[in-house]
Amino acid sequence: MPPLISIDVLLIAACAWLAIGLAGMLAPRRLEFISKTLFPFGSVVSFIVGVTALFFLGDEPQATVLAIGLPTLPFHLRLDNLAAVFVLLLGFVSFGISVYAAGYFRKGEGAAPGLLCIEYHLFLASMLMVLLADDAYAFMVAWEGMALSSFLLVTTDHRHEAIRRAGYLYLLIAHVGAISILLSFGVMTGGAGDYTFAGMRAQELSPFWGSAAFLLALVGFGAKAGLVPVHVWLPEAHPAAPSPVSAMMSGIMLKTAIYGLLRVCFDLVGTTIWWWGVVAMAIGLVTALFGVLYSTVQSDMKRLLAYSSIENIGLLAVGIGLALLFHSFHMEILAALAMTAVFYHCLAHAGFKSLLFLCTGSVLHATHERSLGRLGGLIHRMPWVAWLALLGVIASAGLPPLSGFVSEWLLLQAFLFSPGLPHSWLNMIVPVAAAVIALVAAMAGFAMVKFHGIIFLGQMREPNLIHAHDAGPWERAGLVWLAVLTVLLGVLPSTLIGLIDGATQQLLGTGLAGRVAEHGWAMLAPISPDRASYMPMLFLATIATVLLLARWMVRRFYHGRTRRSDAWDCGYFFQGPRAQDTAEGFSQPIRRIFEPMFRMERHFPSIRDEQPYYSVKVEDHFWYWLYLPVARVADWVSGLIVRIQGGRIAIYLLYSFLTLLLLLLVARP
Amino acid sequence: MAELDIFVAMLAIPLVSGALLTVIGERKWAPNLNVIASGCTFFAAALLTADIITNGPRFAMGEQFFIDSMNVFFVTLTAFVGMTTSIFSGPYMKNEHEHGRLTVARLRLYKSMFQLFMFTMLVALTTNNMGILWVAMEAATLTTVLLVSLYRTPASLEAAWKYFILCGVGIAQALFGTILLYFAAERVLGETGNALLWTHLVEVRGELDPSIMVLSFIFLLVGYGTKVGLAPLHNWLPDAHAEGPTPVSAVLSGLLLNVALYAVLRSKVLADGAIGGDFAGNLMMGFGLLTLLMAAFFLGRQKDIKRMFAYSSIEHMGLITFAFGMGGAVANFAGLLHMTMHSLTKSAIFFAVGHATQKSGTQLMADIRGLVRINPVIGWGLMLGTLAILGMPPFGVFASEFMILTHAMKYHPWATPILLLALGVAFAQIFGKVQPMVFGETHAKRLPHAPAITPVFLHLAIVLMLGLWIPPYLTRWFQEAARMLG
Amino acid sequence: MISISGLLGQLFAIALALVLAPLLTGWVNQCRAVLQSRSAPPLLQPYFMLHKLFRKDVVMAHSASSLFRTAPFVIFGCMLLACAIIPSLSTDLPFAPAADMLALVGVFGLARIFISLAAMDIGTSFGSLGGRREMLIGFLAEPALLMVIFTTAMISQSTSVATIVETLAHRDFIIYPSLAFAGIAFTMISLAENARVPVDNPATHLELTMIHEAMILEYSGRHLALIEWAASLKLYAYSCLGLALFFPWGIAEKDNFLGLIGAIPLLLLKLGIGGFVLALIETVNAKMRIFRAPEFLGTAFLLAVLGLLVRLLLETRV
Amino acid sequence: MSAIIPLSAQLINLCASVILLLAFAMLAQRRVMQLINLFALQGLVLCLSTLIVAVTTGQHHLYYSAGLTLALKAILLPWILHRLVRKLYVKWDVESLVNVPTTMLVGVVLVMIAFNVAQPISLLSQTVSRGTLGIALAVVMLAFVMMITRTKAIPQVVGFLAMENGLFLAATSATYGMPMVVELGIALDVLVGVIILGVFFFQIRDQFDSLDISHMEKLKDG
């Protein structure tokens, strides 16, 4: 028997997930068994997957062919460094989510637990297969399996019309995207008909067809990732799903789309043309700006996070665009910098966004409320969740010393050293792009302060929030694990960059590991310390030291006496919870400054109103610019075509007759 | 000759049981007889298949019947779907009876006609004579006309009338085509009775006069194409599917369309040999694309669930016709695979739809809601079936669509956008309508007779398996059939 | 790796920052009073204030949470870290590699997030109003600051503060038009970030116009002292940063102890002038309506981007 | 092609022409009874023409075929139709969607098309009756037009049967008829079809109170 290699372990893991799912179907109503036995088992498998990828990183690719699939195209599987980075992400992040999920699912919420169990683990297994697939058919099967299982999870609580609509929109766009991906694969085979990835690599595409493949892939994977303008499903579907699923979709599934884009752009197409990078960058910037703007004005906590995911995907697209740009001009070191930023941001975002989504899950369980306008002050009732969410918030806002900052830092570094591109236009555009990124990063902070401040801080906006309870032990464990990931990613960038460098090297031929390793684990200096460096540990240590020292000194030399009293009311009598900023109020400046970006329906109270109220509804322009017109055109065409079926038999006979006549007169060999 | 006996048995069982059911179909155990007869037919077909796989093609009853690797596959499929449909129709028809929609006499008529219909289709599939093929097709029309009008409601009569007239006219054109084919063949083969035997025709197909064969193929295509449901000859199809009893819709979609397409394929092989070039293929591709596109846009305006799935059948027939039109080993393979998948999936969907409509007491989609809440199994059956028919992996429909698409991309790139547009539109429309039916809240009550769910999941399981793994012997079998189609 | 002299220099810089920061605030207040023909408070008034506040008991609202109590320390720590990184006297700072310019912006951002969250924690209308406005100013000022940094970083091909300062201090005398743009932008950003007229008024307690004060309304005692101290540290950090970027002459290099001694009076002089200029700006300008602030900062952002483009257009070919 | 056309061929051509003429007459006919009679007459002439071919060529199965035609198309089917019309009290008037002159004009154009389409093939035929292939096609097409333009169920069925006549003519003219087994099968199908239709008529009348198929336009999408 040959020794068990990593890819075998991963395959066994996928099968184990499937088996766990099926086991859930055996006793679909036994919640205790499913949540306390099967989900923990699943999380162990996740952990094994993560560890396997961790040990694999840097090794030679491993491939295998399964005896299933099409007769001409059996399932080819391959584990290389690119895939391994994402497998790592999948394993470790899903470990936390699964642990959390073990404590999350309750009785009487949505579907039967067994159903959830099989959908959930099918989702995991298909994501793993997406990463391992090495031919178009296996990839598409896994890809659509992923879409399908996540769709079913999204519509778990399908009694609500809105959730059904969200699921529909999601699956539809996913399917259209999948078609686009399939076309892209088709183009990449270059007419040779070899649909293995190896076959695609072997093809030399002309610039035209190469570009076609790239654009199709961008649309296809963009639809899954949530790039503008195919993002509309994301803010609907992510909030609709149960929170662990939202976490998995935002944290992991979106990254598989990034994986696919990287796979196509840097591995399969073979050539790179500089304007691809510009296109990816432009779309990424628009997406990031769009996502962050909309996330600031949301009043639903999960929608806010979903839009924030769109923003992060935009940043990733910018990074990919930058890497493409440098790669096309053979500036490999810089390309490696951008690529590392992309990988790092994938990992970072997976960690902190899952953490935040899980936090909303706990809040949801504790309060049964998603609307920010009805939350508040939960830090008093659920300190664990609040403080862990704060970590996620800081990371998500891209602030040191946590994970989000490292990737943004790397990305900005890549931007900063871009001059020297052979196009003067590009040299002009790149800094402007950097400016937009800076704006996006800063606004992400705004959105995150809103998220945390309104949910956890302040006074409770509703009286029943007083009964909220903190997360249970399983949930807490999952949250802590993800928080630990976020912190580790924040403070150990050099070590981790060394780990994922194999993937960068695989795609670009060069990596940063050598340079990074020179300065030890504590210091991150991807090019040289003179140019830029960052020591998160020292950073963290300084702040912590100052914090403790200051506290000690103040108490030592003065005292630590505290008294409680009412808040100062500024002379106003009424200072109840209703006087706090609402979610809408908090984002009012954004709505005002960026007014043209939103489609708003507002109702202002007037003096004469008996019961004055204010309301604002923010909608997406793309609905009205793109989707509704397309739907209308399709409907119009349908309206024309159905006239054929007018019900009159004579007319039907006439069709038949005319067809015959036409063929007799016209058809000639 | 044991094989011969099997073959005769396979044809005789439905014929005899059909006749028997006409007489004694009112007995209590008659539904069981129906199931048993169908089961025996399937068993015989399976034995026959095993025989053909081991011993190769053979004749039966002189040269009048010929079983080769292509039609034996259709025979098995037909017998299988016939069997599952009869299982399904047991409780379904009982429920219909209790709802007062069908009298005992009609149930008798249903059972006997169902068996006769199976008989005609098996004859059409196995006959070696292009004339008998025509006769069997016409007979299949006649039996199904009676099945479609089973409810005797104004709507079902209207549907049956349209079905009869349109398919009658269509099939008359096919007869003209057959006459022309005979005319062409007679000049080569002489005035023997063999001039319509397909095995003989195939051997001399290169010598058939091209100008006659052009006309002949046009007539055959328009004629049998009417039965396949090619646009713009499809108008009977949605009516007949929507107004007949659901088991009939299942066999119409799952089997009759296939058999009609099989007739077209047989004609195409001859036309290709005689005319050369891509004449027949191009015609079929044109029809296929037109059908696909039209059906996709029809889907959006449907209110009746069975009608919608009927249009979905039209759409898939368009896709299959397109695949066979492209020709070549891969496309033919994909076409055959897709026929199989479509038969299995669509009949499974109709089974689920049948129970769903019975539960809700309506075929209007707007009034069917929350199936998973009344009966999760049926709800999930419909959901999974729909996803499968829409080409979602890992179901087998995706496998064949994948092959068709990739082949089209390679040889006919211009057609890919049209294919994808149609598939995308179909997805949006069908899924958008099925989802609220399956999910959501409901107030429907349980039915007096528990639904037969085995057929639904049996079909879907096979489709799922074929999406992930096609057994090697099945592959060989498909490949051989695909090669025969040229 | 870290030399003793470097470490001493670092500690000295931190100590200097702690000492000088309130002094700078006092100096600015004094200049302002003189310019506005008021009688000035003593120069050391901020120290008295801090001492007084530290001695007092903390009065906290009932709804205050643990975050409310932690925030002042974190903010103070952030500002101190910023001061430790920015070269005021010497570029030989062992802490400098810990954070480059981008991380510096991050530090300010972290402090901002904490103060905003703390402001929202009590759940009064003023607190959340202040927090919201602070974030508004922040998300406009932060990218502008980054752009300024980019401009300087491009000149020196580095984002490390020390490297930038060394490069700029020892260049041949070339006029960089981009730096002019960047300088103006930086001044505008500093005004906004330090809650100065025309964006905010540190002396106001008129509820509807305040930003910084609105956020810290609920703080008292040692917490307020730390926040006030942190605010003056922030002013000091920005001043030093501005001086280091645009007037870097006189900052000592590595291993130049003499230079260090010479740098102290020079720094005091520069800070004195800077403080006076700040007071002057505050005197001649009127406070803007809060919704003019985005325009003000937008202008700063554009100027910074313009500076960057000018840098690319005019100076790369040199 | 020889200059002198043999007598048998002349007779066959004559019969074919009469069939075509009858097809036109059916197209123009406004009375349902007359329509059925014309159909019977067409069957008779068809039988005659088959008989002439049979006599000329000595093909045995053509005698059977002629007999079958006579029995089925000239006698049995018209009789069934007659009975149906009487039993169902069908109104005697036949309404047409398009007025008769227009229909005739269309018919003429169709005949030209049919001749043109059939001509190249009919030259290939070695039968005495080869010239009639075009006529057969024309008859099929005229019957088609008739089905399209008639609004009542019975005339539509007559049109359908007339189409079968055209096909039969084609079979005899091009190839001396199809193999016997096929012809029997076809005849059986037609017979069963008409019987089923007869049953249908009663049901339709019960449900719709009329055999006017314009009532049957409820199932539609457009």
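## Chain C: fold and dimensions

In chain C, 80% of the contacts with a separation of 6 or more join residues 24 or more positions apart, two residues being in contact if their C-beta atoms, placed from the backbone, lie within 7 Å. The model is predicted, so local features need pLDDT of at least 70 and side-chain atom pairs count only at pLDDT 80 or more, while totals for chains, interfaces and linings use all residues. Residues are numbered from 1 along each chain as its sequence is written, and chains are lettered from A and ligands numbered from 1 in the order in which they are written.

Chain C contains eleven helices and one strand, where helices (H or I, at least four residues) and strands (E, at least two) are DSSP runs numbered from the N terminus. Their order along the sequence is α-α-β-α-α-α-α-α-α-α-α-α. The radius of gyration of chain C is 19 Å, close to the 20 Å that the globule rule gives for 318 residues, so chain C is as compact as a globular protein of that length; the radius is taken over C-alpha atoms, and the rule is 2.2 Å times the number of residues to the power 0.38. Along the principal axes, the C-alpha atoms of chain C fill a box of roughly 60 × 45 × 40 Å. Of the 318 residues in chain C, 61% are buried (20 or more other C-beta atoms within 10 Å of a residue's own; exposed means 12 or fewer, and partly exposed lies in between).

## A helix pair in chain C

Two packed helices are described by the angle between their axes and the distance between the axes. The axes of helix α4 (residues 101-121) and helix α5 (residues 125-156) of chain C come within 9 Å and cross at roughly 175°; axes are lines fitted to C-alpha atoms over the stretch in contact, and angles run from 0 to 180 degrees between N-to-C directions. This crossing makes α4(C) roughly antiparallel to α5(C), a description used for angles over 145 degrees.

Residues of α4(C) in the contact include M101(C), V105(C) and I115(C), and those of α5(C) include M135(C), L145(C) and I149(C). The residues of this contact divide into ten nonpolar, seven polar and three charged. Here Ala, Val, Leu, Ile, Met, Phe, Trp, Tyr, Cys and Pro count as nonpolar, Asp, Glu, Lys and Arg as charged, and the others, Gly among them, as polar.

## Chain B

Chain B has 19 helices and two strands. Buried residues form 70% of the 486 residues in chain B.

R483(B) belongs to helix α19 (residues 472-484) of chain B. This residue is partly exposed, because 14 other C-beta atoms lie within 10 Å.

## Core and chain contacts

The largest nonpolar core has 688 residues, and L128(A), A338(A), I85(C), A144(C) and A304(C) have the most contacts inside it; such a core is a set of buried Ala, Val, Leu, Ile, Met, Phe, Trp, Tyr and Cys residues joined through C-beta atoms within 7 Å. Helix α6 (residues 154-189) of chain B gives the most to this core, with 23 residues.

Among the four pairs of chains that touch, chains A and C have the most contacts. The contact between chains A and D takes 15 residues from each chain. No contact joins chain B and chain C, whose closest C-alpha atoms lie 40 Å apart.

Technical notes: Angles under 35 degrees count as roughly parallel, over 145 as roughly antiparallel, 65 to 115 as roughly perpendicular and the rest as oblique.
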